[in-house]
Amino acid sequence: MKIGVLSRNENLYSTRRMVEEARNRGHEIDVIDTLHCYMDITSSNPSVRYHGEPLPKFDAVIPRIGASITFYGTAVVRQFEMMGTFAINESVAISRSRDKLRSLQLLSRKGVGLPRTGFANKPDNIKDLIKNVGGAPLVVKLLEGTQGIGVVLAETNKAAESIIEAFMGLKANILVQEFIKEAGGADIRCLVVGGKVVAAMKRQGAEGEFRSNLHRGGTAELVRLSKEERATAVNAAKVMGLNVCGVDILRSNHGPVVMEVNSSPGLEGIEVATGKNVAGMIIDFIEKNAKPNNTRTKGKG
Ligand code: ADP
């Protein structure tokens, strides 16, 4: 097969691993810098051009679209879908997952367990916003944050009020969320490929840190999932319409709750912590599913 990885950097661990596994299986695979792709969107015969030439017709593309280039990146994926190329994650599903509010609303509508969550832009009654999600301790999150930056724990209602006011002063969209204390500073990253959890790790925050992000000094280890946790991760991936994703779960006293679904999950942490060949499983998934026009929306979404 001919596979394209849409990635800004061919040296990234995840990109390198997928290239390696595809070549091991005898496939041709190229890394394409998403932002360097350009196209004539009005042509009746859609194509994508790169370095002055049309790209060959790929059987499948693996979008690794960073959050900062979601807008352009999903347009490129959509163009491939219009050409009948199988995208392991469809452009609409990637866009959907990048909108945190939309994701939480969709997950909630389908009954997936979530931390009690409120969101606001300019709440006219902050006390009521806080009361509405059960009061302190609360986690206040900047919607645009990543790697744990902009995630603040407010231990009292007073602290929550000041933090919300400060964020409002910055004109930011915020999430106000029940603090899952019983998670003990740990979360679980489930890697879902083709409707199955293929690997899972528990990330534990550094001593005294409630955020488990590896970038913040957290550590990762292999974890055994309960049936309910497994079902929650699979269900969350299905609701988001993602074939390959990372589902982050907290162990709460009202069952597993989903914090986030990531459409370009990093493979390094999970492969190292679990010893599983996740990149290989992604290529296996492509082998089974990459048929021309085998995307649900064909770029129409
Ligand atoms: P980011 O997307 O910036 O990583 P997250 O929302 O994933 O932000 O939060 C970072 C970390 O903080 C999570 O991995 C988790 O360990 C912790 N955390 C986030 N929300 C909660 C919560 N409601 N209760 C307990 N811990 C939380």
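Here is a short briefing on the fold, surface and nonpolar cores of this protein chain. The model is predicted, so to speak of local features a pLDDT of at least 70 is needed, side-chain atom pairs count only at pLDDT 80 or more, and totals for chains, interfaces and linings use all residues. Residues are numbered from 1 along each chain as its sequence is written, and side-chain values use heavy atoms, leaving out hydrogens and water.

**Overall fold**
- The chain holds 9 helices and 15 strands, taken as DSSP runs (H or I, at least four residues; E, at least two) numbered from the N terminus.
- Its radius of gyration is 20 Å, close to the 19 Å that the globule rule gives for 301 residues, so the chain is as compact as a globular protein of that length; the radius is taken over C-alpha atoms, and the rule is 2.2 Å times the number of residues to the power 0.38.

**Burial**
- Of the 301 residues, 50% count as buried, meaning under 20% relative accessible area (1.4 Å probe, protein chains only).

**Nonpolar cores**
- A nonpolar core is a set of buried Ala, Val, Leu, Ile, Met, Phe, Trp, Tyr and Cys residues joined through side-chain atoms within 4.5 Å.
- The largest one has 27 residues, of which L107, C190, V247, V258 and V261 touch the most other members.
- Helix α7 gives the largest share of this core, 5 residues.
- Leaving aside residues up to four places away in sequence, V261 touches partners including L107, A236, M240 and V247, with contact meaning heavy atoms within 4.5 Å.
- Another core, of 26 residues, lies apart from it and includes I3, A60, I270 and I282.
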